[in-house]
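Here is a short report on one protein model. Please keep the sequence and the 3D view open while reading.

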Amino acid sequence: AVAASGRPKTLLDADVCTLRGDTISANISIVPLMAEEGQAGLLIIVEDISEGKRLQGAMRRFMTQNVVDQIMGREDELLFGAACHASVLFADIRGFTSLSERLGPRDTVDMLNEIFTELFEAVAGSDGVLDKFIGDAIMAEFGIPVAHGDDPDRAMRAAISMITELRALNQRRQARGQKPVLMGIGLNTDTVVSGNIGSPKRMDYTVIGDGVNLASRLESACKEYSAQILCSEGTYRKLKGTYRMREIDWVQVKGKTEPVGVYEVLDFHTDETFPHLPEVVGLFRGGLGYYRKGEFDRAIKQFQEALAMHPGDKLSATFIERCEYLKVHPPGKWDGVWVMKSK
């Protein structure tokens, strides 16, 4: 057609079969070569775009198209290794083993797909990256590969949306005669290393580092503190929005020597799920102050008052038990830091 018309032609994203029998994706440009006596031939340029398509296809599994569009075509360290500041989120279904044993294989898969669909939408709604599914848990990041300036808030909004959507999902499950599902979420904001990590045949875009480990440990700590969302002081200090939260502890996690401030997120609660929230948070704060000073009897009194206003506040009950234990087993040097035993 080009030879006959003398006009150049371009084919985008065409399938081309090589001499080896492989099919590649390519952009093809065909240009007529002109000489004094007329057309002298054709110049054919074949640009193999298979790798780019594979990369984009892989990214679409974890990122919204908006994020993919921002990073495609950038030949820098974004995808090949960079230290960056990001907010990491871990979410895990509670009691999954016993739940799956009751459901059976088919119903377990259906349940996970239903829940993960809601979790993915929460991540995508804040332009986050769904890093991976880990059995009954997910890992997501906000701020990589492209920072937005409010990534801790995006992670926080995604976490709150997850709990809110899970609550609605549980209402539908109960209407179908199914058991409700509980979940714990951990958030941390720190410097991490990001990039495509793996082998040439299988790579995933992910993040690694201490900041990732802390987010995972906070998710696990939700069980100990009877919480649904826990965030680190690193996330708390970076938040630009206003959320209902309470500081609950200084903890020393495995592999760390410095304590980490931990906060419980309460923003998704209603008057029905958490009555007298401001008053309970105020009383808990007072009890925590006495607890850190080693005045355990006064701390117990404050926690008991909080528990009287909201009998379902299991965290106040946990601290009463902890204070009673510390009265019987006095710490040699008390600085208010609790050593976390779980992973």
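## What covers helix H11

The buried residues of H11 are covered by several elements, including helix H7 (210-224), strand S10 (245-252), strand S11 (260-265), helix H9 (277-293), helix H10 (296-309) and strand S12 (337-339). The model is predicted.

## Helix H11 itself

H11 spans residues 314-328 and has 15 residues. From its first C-alpha to its last, H11 reaches 22 Å. That is close to the 21 Å expected at 1.5 Å a residue.

The buried residues of H11 are Leu315, Ser316, Thr318, Phe319, Ile320, Arg322, Cys323 and Leu326. Take Cys323: its relative accessible area is 0%. Cys323 therefore counts as buried, since the cut-off is under 20%.

## Cysteines

How many disulfides does the structure hold? The number is 0.

Cys323, in the list of buried H11 residues, has a relative accessible area of 0%. Cys17 has a relative accessibility of 57%. Cys17 counts as exposed because that value is over 50%.

Strand S1 covers residues 9-17. S1 and S2 run antiparallel, joined by 7 bridges. Within this part of the model, Val16 stands opposite Ile24 in S2. S1 and S2 form a hairpin with 5 residues between the strands. In that hairpin, Gly21 takes a positive phi near 90°.

S2 covers residues 23-35. S2 also pairs with strand S3 (residues 38-48), again in the antiparallel sense, over 10 bridges. Ile28 stands opposite Val46 in S3. The hairpin of S2 and S3 has 2 residues between the strands.

## Asn27 in strand S2

Is Asn27 buried or exposed? Asn27 lies in S2, and its relative accessible area is 18%. Buried means under 20%, so Asn27 is buried.

Which residues does Asn27 touch, leaving aside its neighbours within four places in sequence? Asn27 is in contact with Leu11, Leu12, Asp13, Ile45, Val46, Glu47 and Ile49. One of these, Val46, is the residue in S3 that Ile28 stands opposite. The backbone nitrogen of Asp13 lies 2.8 Å from a polar atom of the Asn27 side chain.

Notes: Residues numbered from 1 in each chain as written. Predicted model: local features only at pLDDT ≥ 70, side-chain atom pairs only at ≥ 80, totals over all residues. Heavy atoms only, no water. Helix = DSSP H or I, 4+ residues; strand = E, 2+ residues; numbered from the N terminus. Buried < 20%, exposed > 50% of the residue type's maximum accessible area, 1.4 Å probe, protein only. Polar contact = N/O pair within 3.5 Å; in protein donor to acceptor, adjacent residues only side chain to side chain. Contact = heavy atoms within 4.5 Å. Expected span 1.5 Å × (residues − 1). Pairing = 2+ DSSP bridges. Disulfide = S-S within 2.5 Å.
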